[in-house]
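The sequence and the model come before the details.

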Amino acid sequence: GSGGEGRQDGGRDGRQDSGRGEPKTLWGSSEPRPPASGSGQPSPQQRTETLGFYESDRGRKKKRSLSDLSLLRFISAELTRGYFLEHNEAKYTERRERVYTCMRIPKELEKLMFFGIFLCLDAFLYVFTLLPLRVFLAMFRFITLPCYGLRDRRLLQPAQVCDMLKGVILVICYFMMHYVDYSMMYHLIRGQSVIKLYIIYNMLEVADRLISSFGQDILDALYWTATEPKERKRAHIGVIPHFFMAVLYVFLHAILIMVQATTLNVAFNSHNKSLLTIMMSNNFVEIKGSVFKKFEKNNLFQMSNSDIKERFTNYVLLLIVCLRNMEQFSWNPDHLWVLFPDVCMVVASEIAVDIVKHAFITKFNDITADVYSEYRASLAFDLVSSRQKNAYTDYSDSVSRRMGFIPLPLAVLLIRVVTSSIKVQGVLAYVCVVLFYCGLISLKVLNSIVLLGKSCQYVKEAKMEEKLFNPVLTATPGKPAGKQQGTFKSTQGISTDENGSSSVTNQPVHQKENMPSLLVTSNSDQFLTTPDGEEKDISQDSSELKHRSAKKDLLEIDRFTICGNRID
């Protein structure tokens, strides 16, 4: 019995000596024993670091008592401990790049805004300058058509039909706007309280976006119904109903913009600037609704187009407000300096809100500042492609679809305000009007030339020029199109001359029905894709197409395309 107990105790002691009973550190972790032989202190690699100090040999052999821990040693450890940022170099490099990206956002964003605003200006000036001349040429062709005979089955070219419809809509809506009393509307809005005007202004902004999305569809439906080949089976309600729908839309949208301008005019003329301040603070609410959402590249492209359209529209609204105020003060130049601070306040708030919004969106979604160069190249490609042969849309309509900017209602309102504010009397006044019109034409031509040159430069920098000169035939239903690396299929059939160059000034050539079409069939307004990678086969399974539909390319995205993580 006693011998067995002794053997058991000896076994326990032996197991302790074998390594399980080694002395513990302060935190209870086992440490290897120091070497038995050798002189000098052990190397730092062999000693345990605790609270910034290396344990001595004596501390490694037995536990430190609690009396060794003191407040002084803790404070000393806190004051002398160090760290090295280079141990996580990738993390801190990424943070520095984010800061540099935020610093680049204002410059890149304003370059895109500057280019986009001049695109909107070009489409807007087109309504006042070249559209009347094109309508005159279309009417001249229609009148003199019996003298030349019917060379083809079309009385007018499709572009001429669209120009005639735009001109008639403008004239009808202009005369309809004479029945809207601007003065009565101004006093009616001025009699409302501040909070009501704030709510009205917000409702008008939402209504403008909604009616713009539906209005461009109405105009496109009218243009296609009027120019659709007659050989096809009729699948529409007729040109006349579509025409009346378009006239009603332009008239209602013009009234909506007039109410917006009137509300802004009331804010300018209020005795205290609290109303104007509240209305401008509404822009900062936009930051809250946009910054903390997930944005992809396509969603940010839509937002950028919307900001361009909104900023240009605000500039036109400010012009209308200044015209109305200058008329009330008998065109006194001194009153213009009274309005100047408020105008600067509106413009500065728009710029500041756009910069802050885009800076944080790119930061939270890890989007580089170079994406704005891609957006600018996509807008430039629209301008260049609209000058090609067989272009399927006018550039002003392309701007409307891409940015949501529809120039017809805004042009109707501006013509109405200018004609009511400026009285033309006498021969000299009419001479001034003619000179002013010639100046507008010169500005339009100069703006178009500069934009076309800059657009060609942006397209070349983005390496998208081969898509303008390399048409790709549409794949037959039984034969899928092959993969291409580095080249992308075009939705526009670009006809080239014998030497391979493509003209940007010739009229589009109507393709006969028995000729193979060079246009890639699509269900919506699709444009050429940007070089984001190798293009997929056209003939894939429907499930794969559905899975891939969320990843749209920039040139397929317009203002009203639903993209991102929403329902496509």
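## Cavities

How many cavities of 30 Å³ or more are there? The count comes to six. A cavity here is a set of points, on a 1 Å grid over the protein atoms alone, where a 1.4 Å probe fits but cannot get out. Points are joined across faces, edges and corners, and a volume is the space filled by probe spheres set on them.

The second largest cavity holds about 80 Å³ of space. Its lining has 13 residues, and Lys166, Ser396, Asp397, Pro407 and Leu408 are the closest to its centre; a lining residue has an atom within 4 Å of a point. Two or more lining residues come from each of α4, α9 (194-227), α15 (395-403) and α16 (407-421). Helices are DSSP runs of H or I with at least four residues, numbered from the N terminus.

## Basis of the values

The model is predicted, with local features needing pLDDT of at least 70 and side-chain atom pairs counting only at pLDDT 80 or more, while totals for chains, interfaces and linings use all residues. Residues are numbered from 1 along each chain as its sequence is written, and side-chain values use heavy atoms, with hydrogens and water left out.

## Salt bridges

The whole structure has 16 salt bridges, a salt bridge being a side-chain nitrogen of Lys or Arg within 4 Å of a carboxyl oxygen of Asp or Glu. One of them joins Arg104 and Asp370, with the closest N and O atoms 2.7 Å apart. This pair links distant parts of the chain: Arg104 lies in helix α4 and Asp370 in the loop between α13 (333-364) and α14 (371-386), 266 residues apart. Arg104 has a relative accessible area of 37% and Asp370 has 40%, so both count as partly exposed (20% is the limit for buried, which lies under it, and 50% the limit for exposed, which lies over it; 1.4 Å probe, protein chains only).

Arg209 pairs with Glu310, the closest N and O atoms being 3.8 Å apart. Here helix α9 holds Arg209 and helix α12 (residues 297-328) holds Glu310, 101 residues apart. Arg209 is partly exposed at 38% relative accessibility, whereas Glu310 is buried at 14%.

Elsewhere, salt bridges that share partners join Glu110, Asp307, Arg311, Asp354 and Lys357 into one network.

Phe118 is in helix α4 (residues 89-128) and is partly exposed, with 28% relative accessibility. Leaving aside neighbours within four places in sequence, Phe118 is in contact (heavy atoms within 4.5 Å) with Asn447 and Leu451. Phe118 and Asn447 are 329 residues apart in sequence, yet their C-alpha atoms are 7.7 Å apart.

## Surface patch

Trp331, Val418, Ile422, Val424, Tyr430 and Val433 make a nonpolar surface patch of about 510 Å². Patches are made of residues with over 30% relative accessible area and no salt bridge; nonpolar side chains (Val, Leu, Ile, Met, Phe, Trp, Tyr) are joined within 5 Å, and like charges within 9 Å. Areas come from the Shrake-Rupley method with a 1.4 Å probe, and for residues only the protein chains shown count as cover.

Tyr430 counts as exposed because its relative accessibility is 52%.

Notes:
On a 1 Å grid over the protein atoms alone, a cavity is a set of points where a 1.4 Å probe fits but cannot get out, and a pocket is an open set with protein on both sides within 12 Å along at least five of seven lines; lining residues have an atom within 4 Å of a point.
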